[in-house]
Amino acid sequence: MNRMVSPIFPNRSEPVGNNAVPGAGAELLARAFAATSTVSLITDAAQNILHVSAAFTAITGYSEDEILGTNCRLLQGSGSSAAVRGSIRQALEAGEGFEGDILNYRKDGSPFWNGLSIVPLRDPAGVITHFVSVQRDINTRIALQEQLDFQAGHEAVTGLPNRFGFESYLQRRSTDAAPTGRPDRAGLGLIALEHVGQVRHSFGFSGADDVLAEFARRLKGRLRGGDYLASFSGDQFVVVLEGLCDDASPELAARLERLHEAVETPFPVDGESVMLGMTMGITPFPARSSGPHVLRLASQALPEPGSDLSRPDSWWRLAPTGPIVEWDTTMAASDFRRGERSRAHRERLFAGGLSMHMQPIIGLFDGTLRRVEALARLTLADGTVVPPDSFVHQLSSNDLDELFRIGLNEALGWVARWEQDGLALDVSVNLAPSTLRHPRCTRWVANALRRHGLTPNRLSLELLETQELDAAASRSVLEELTGLGVGLALDDLGSGHSSLKRLAQLPFDSIKIDRGLLAGVATKPVETLSLIATLSQMGRDMGAAVVLEGIENAGLAEAASVLGASLGQGYYFARPMPAADVPSWAAGFGLPEGFHRPDRAGRLHTELGALAYHWQFTRWGSPHPFVIDACPLTGFIADRGIVGSAPQLWHDLQHGVDGGHDRASGLLLDWLVDQSTGQVGQTAQTAQTAQTAQTAQTGHMGQTGGLRAGA
């Protein structure tokens, strides 16, 4: 039998099964083991850890030096099943392997589930010399795929079907429709909600999102059964009104008047009230008609922004097809003006109107400025700055290629200029999948880096997840780019097209979580935190940095840090700014007041951060891992002056000798949800609730507590 010199035991030779590897290959085998994404560790016969893979240290947070020589029971805690631990011990003592699931704990105390396999290794005499442990992630896969499937067909802010959900609806409608011999009985309308841009400018993305969500709620409440509503691009909505006859224009007017009521009362935003307007183009919608064609007709009929809407029915117009209405010549003029404006924007864009604004990306663990994202802006002749949503969709693939080359050159030029002034910053630039597929894409990037004297690691390219990306066709180009040393990020994860297969196949080193996934945090904080945690865990498992976009307050920043997102971006830290302003901003940058990084010795400072901390233990049915005096939630409760209250009692039970109390944990979660959503009710303040907590301590809890514990 061949033998090899083990890199784990350099002073002796070890047999390796029946197929040995020569001693010369021992170092190579050790490196291969360390790099594997599945094998976790090797122990000696006494179960002392001798070697760990890089995947193990990434998942657990322990360094190799901290873990070598210890027993892997170090990962187990009070929430780990005693029965499973006993099964592992019995199997290993009997010289058998083990396979099963167990709740383990990372170095920072956060729990995670493992699918665990342990295999004994024997020498020629049959004596066990080592155990090899393999760990597989079972936390995220099914739940994540379901969430992403839903996100692919729905818009996050409003919860309505998006463009892809609308396409599925068209297929179902065409398939299910039966010929009736009757005239058209539906109308399709394209709605444009006006002044959303001003709201976004004044109140930020969160304010605009609140308005959009409220508008969708109002509009949906004014539809009849069988009608359909979808959200396309922030301020555009599609409605299908069933039950319309071609000769029933009075009925149509009444239906549309009902819809317009959605904007006839003010929208509350951050304690203020704003008024919005809406316009709509509508066209007959036969059961088996082409959806894109009908949608285009409705778009052509859409009144031009700034039109005279003084008449009650002037906010909507009918498309020039079908027997409902004759062609209105003003529609042709409107469509012509819209096309002229698009052409003017394009010409201005490529005649010096393009500029790159920069938005900082901040490390959530240390509060440092890590890099900036370059964002394209169009500056019109009158000085008006136009965001990309207003012009990118008008560009052809050739235009997008040109936009990328110009934007990349300008962004890298600013990086080189800042460095000469003593400010070293990396930059990320957006890359459309159509440009990625261009045969000269890698050459464009290499030439731009060379032109400005920058090393490739200073640049990261962000591929939009909202655009189709063929993994097989794109992999070779991505490998060329990573071969240069350029970083790759998947942008806007959760907004449409992604799949776990794509993330596994393509060499992304960063994942950016779409800000739209945070839209429900004010009303559904547990579900939102679950999504953040799932995607952050997925990033860690794949060795990718996780950037959470759309952070607009201290609570989101703290919760994201608790749940493992390493980087944050949003108005809470900084808005996009002209590139020339970056050095002065960076020189004066300090963490916003109220931003705190949670740690075991410190405290949690926001309601959402506290909810995130407790929720990560509740979802696994696990107690808190540290002594109560060192628990971050202890200080949070003390800061609110509720020592001795029901929430403190519920929290005390999470550090009790019994290893936690599920029902008390659920009640504490409910209380934290109420705190984070502003529903500071009587849960923790009434004597009845206090008595409930005392009852929980004795093990007799009513069935109403902890309804959110399983979320």
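Mentor: Two strands count as paired if DSSP finds at least two bridges between them. Please keep in mind that this is a predicted model.

Trainee: Which residue is the bridge partner of A192 in strand 10?

Mentor: Strand 8 covers residues 186-194 and strand 10 covers residues 236-242. The two strands run antiparallel and are joined by seven bridges. In strand 10, A192 has as its bridge partner Q236.

Trainee: Which strands are the edge strands of the sheet?

Mentor: The sheet is open and mixed, with five strands in the order 9-10-8-13-14. An edge strand pairs on one side only, and this applies to strand 9 (228-231) and strand 14 (316-318).

Trainee: At what angle to strand 8 does helix 7 run?

Mentor: Helix 7, residues 196-220, lies across strands 8, 9, 10 and 13. Relative to strand 8, its direction is at about 155 degrees.

Trainee: Is T442 buried or exposed?

Mentor: T442 belongs to helix 13, residues 441-451. Buried means under 20% relative accessible area. Because the relative accessibility of T442 is 13%, this residue counts as buried.

Trainee: Which side chain is joined to that of T442 by a polar contact of 2.8 Å?

Mentor: T442 touches V477, E480, L481 and L484, leaving aside residues up to four places away in sequence. The polar contact of 2.8 Å links the side chain of T442 to that of E480.

Trainee: How far from E155 is the nearest side chain of opposite charge?

Mentor: E155 is found in the loop between helix 5 and helix 6. E155 is buried yet has no salt bridge. The nearest side chain of opposite charge is R515, at 7.3 Å.

Methods:
Residues numbered from 1 in each chain as written. Predicted model: local features only at pLDDT ≥ 70, side-chain atom pairs only at ≥ 80, totals over all residues. Heavy atoms only, no water. Helix = DSSP H or I, 4+ residues; strand = E, 2+ residues; numbered from the N terminus. Buried < 20%, exposed > 50% of the residue type's maximum accessible area, 1.4 Å probe, protein only. Contact = heavy atoms within 4.5 Å. Polar contact = N/O pair within 3.5 Å; in protein donor to acceptor, adjacent residues only side chain to side chain. Lys, Arg positive; Asp, Glu negative; His and termini not counted. Salt bridge = Lys/Arg side-chain N within 4 Å of Asp/Glu carboxyl O. Axes fitted to C-alpha atoms, helices over the stretch in contact; angles between N-to-C directions.
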